[in-house]
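Here are some notes on the model for your next read-through. Please keep the structure open beside them.

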Protein chains: 2
Amino acid sequence: MISTYISTQKQVLGGMAKQEDTGSVEDRLIARHFGPLATDPGAFGLIDDAAILVPPAGCDLVLKADAIIGGVHFLPDDPPDTVARKALRVNLSDLAAKGARPLGFLLSLALPREIGDDWLEGFARGLKDDVERYGCPLFGGDTDRTPGPIMVSIAAFGAVPHGTMLKRSGARPGDRVVVTGTIGDAVLGLKLRRDPDAAGRLGLDAVARDRLIARYRMPEPRNAVADVMRRYASGGMDVSDGLAGDLAKLCRASGVDAIIDATLVPLSEGARRAVAAEPALLADLLTGGDDYEILASVAADNLGALIKEAAAAGVAVTAIGRVEPGAGRAAFIGADGVPLVFARPSFSHFD
Amino acid sequence: MISTYISTQKQVLGGMAKQEDTGSVEDRLIARHFGPLATDPGAFGLIDDAAILVPPAGCDLVLKADAIIGGVHFLPDDPPDTVARKALRVNLSDLAAKGARPLGFLLSLALPREIGDDWLEGFARGLKDDVERYGCPLFGGDTDRTPGPIMVSIAAFGAVPHGTMLKRSGARPGDRVVVTGTIGDAVLGLKLRRDPDAAGRLGLDAVARDRLIARYRMPEPRNAVADVMRRYASGGMDVSDGLAGDLAKLCRASGVDAIIDATLVPLSEGARRAVAAEPALLADLLTGGDDYEILASVAADNLGALIKEAAAAGVAVTAIGRVEPGAGRAAFIGADGVPLVFARPSFSHFD
């Protein structure tokens, strides 16, 4: 594509009877950093214009695209390997919550001029770790220079047996509401990064502080229990915009209400200490976002098996409430039996 | 996802026994502008976190991602409907050149704060036109605010019968080299937009000028001949980074050389007049990029049928040279029988 932005020119070739083009800097950069991530034969080692995905027999493809932007979704001084892994993991988290097995992804990378080879090498290294860890190879994409911040756009593909994708709309009255892992660590981690005094005020030592910051920097998507969720849950989604708002979305899509016992919402040790020091924080943890846990509804009869098989896969699942007939509302009941009131139930980029 | 950039808060709800969340501004914006583009049932009207694509039986999926950035790939004052269509069409062009039928796409949209509803409405209107024209519905995506320029990242999916995707690596000695349409109009259009005196100097009237600028602003991808190419061509790719450089890529991937008669390269009436006025322009047209035509190799026996069936589909195809044994080089022979020498055979964002 023509760029109206970059017009510097380093390659000046000439004088050959047949002019030889040994490949642009962009091509070589892609080959070196991203070639090793393109392990599927359908990616053609990234030398073609497009890739081939041979869909697994009897499966539906699950499609998801999500982007992260420097200064918006990550901090400019975050290490490049965690930026790469966050970009992939926010998409893997959606695949997990839909019950899908990852197949691969496409990457569009926009880089400011000041981003050099070191940064890109770290980025590719982090991405390669996760390509291997989650079995999710790179199929292709593009790289561009931008006058703006770093933007990493990923489109990820997964597979589920035909007709079995876990939907937002599957929750039924009588179901239990469950979440994986712990809620609120990422928003607390971001607070700790931005406010150097917060850790002391909240009674958190350096270990607890670093653990929470790591949860903001790099999600731990729950792909290990994607299949368990698909087999036992009735509805599901990942928690990315805050538990309260995301549960309300699930309720609206399913045409039900949900009643949550806020005291049952699983918190990490650090988050518990922080809430003990500053009880008003609880609302931030329940509405903050970036959890990348799975929120699901499950028929009461399946609850035991789901929790047990998830535990066997290394993921704690906690029942936090129940689904009731209703019109798409979610209530969080506090320790005093009174519903919590949130100033802002869900994160939105456009509010 | 948590934003570190936007922290304004417009929604302040409260006081309800069950707190009702009627959906964020972002959700409503997506529903209004993009819901009508999500015509496939697998998109769930954009209310789920992911979409389902049921792969057509016996087909491979062809995957492509490409992004465009304001001030880089389009000009900031380009109308929003052409920005949307360019973003989709650069991807459709790749699908066409691979012989694939479009199935749908995912969209990641990053918008600066100053982008308002009017812009977005124009953007969605342009995109809807092309969704209908090319039979390529929206499956999902995400929207974000950015402190940088507009960025539109699209991942597009197409289908080909199993094993039939047209590759860069398929050209064989003895094949003819063909291109669709005309070459160089977009780079000339960009020149005319940036230099108000250029039209006069090149002897172009307002009609010719506007036609060339339109070719820069909005490609006309050759999806009408995707199937013809797939059936008759041996190798192919779209011309996006300049004919000379892209042909060299095809030659390298195929392990062949190509000898092109530069006088046969099809130019539009406007481009012909411009080259007559300023002969040195020819090199710019052959190396400039943004053509979004198809470059293909075709066995001599298939050439007649390919040209005839493409013409029946409304697309002119011109034979411009031949494939020879070699090591990945492309030569353009001028009217004087001497190979042209290009200062910069191909556009690259990182040179």
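Where does Gly337(B) lie relative to strand 11 of chain B? Point 2 takes this up.

1. Basis. This is a predicted model, in which local features need pLDDT of at least 70 and side-chain atom pairs count only at pLDDT 80 or more, while totals for chains, interfaces and linings use all residues. Residues are numbered from 1 along each chain as its sequence is written, and chains are lettered from A and ligands numbered from 1 in the order in which they are written.

2. Gly337(B). Gly337(B) is found in the segment after strand 11 (330–333) of chain B. Helices (H or I, at least four residues) and strands (E, at least two) are DSSP runs, numbered from the N terminus. Gly337(B) counts as exposed, with 7 C-beta neighbours inside 10 Å. The cut-offs are 20 or more other C-beta atoms within 10 Å of a residue's own for buried, 12 or fewer for exposed, and in between for partly exposed, with C-beta atoms placed from the backbone. From Gly337(B) to Ala262(B) there are 75 residues in sequence, and their C-alpha atoms are 9.6 Å apart in space.

3. Asp144(A). Strand 4 (residues 138–145) of chain A contains Asp144(A). Asp144(A) counts as buried, having 24 C-beta neighbours inside 10 Å.

4. Domains of chain A. Chain A divides into domain 1 (26–43 + 54–161) and domain 2 (168–333); such bounds come from an automatic or database domain assignment. The C-alpha centres of the two domains lie 25 Å apart. Their contact (C-beta atoms, placed from the backbone, within 7 Å) takes 19 residues from domain 1 and 17 residues from domain 2. On the side of domain 1 that touches domain 2, helix 2 (80–97) and strand 3 (101–111) of chain A are the elements giving two or more residues. Helix 2 of chain A supplies the largest share of that side, 11 residues. By class, the side has 10 nonpolar, 3 polar and 6 charged residues. Here Ala, Val, Leu, Ile, Met, Phe, Trp, Tyr, Cys and Pro count as nonpolar, Asp, Glu, Lys and Arg as charged, and the others, Gly among them, as polar.

5. Helix 4 of chain B. The buried residues include Val187(B) and Lys191(B). Their cover includes helix 5 (198–201), helix 6, helix 9 (269–277) and helix 10 (281–287) of chain B.

6. Helices 4 and 6 of chain B. Helix 4 (residues 185–194) and helix 6 (residues 206–217) of chain B pack at about 110 degrees, with axes 7 Å apart. Helix 4 of chain B is therefore roughly perpendicular to helix 6 of chain B (65 to 115 degrees; under 35 is roughly parallel, over 145 roughly antiparallel, the rest oblique). Among the residues making the contact are Leu188(B) of helix 4 and Tyr216(B) of helix 6. The contact residues divide into 8 nonpolar, 1 polar and 4 charged.

7. Helices 4 and 6 of chain A. The axes of helix 4 (residues 185–194) and helix 6 (residues 206–217) of chain A come within 7 Å and cross at roughly 110 degrees. Axes are lines fitted to C-alpha atoms, for helices over the stretch in contact, and angles run from 0 to 180 degrees between N-to-C directions. The contact residues include Arg193(A) of helix 4 and Arg209(A) of helix 6.

Key:
Two residues are in contact if their C-beta atoms, placed from the backbone, lie within 7 Å.
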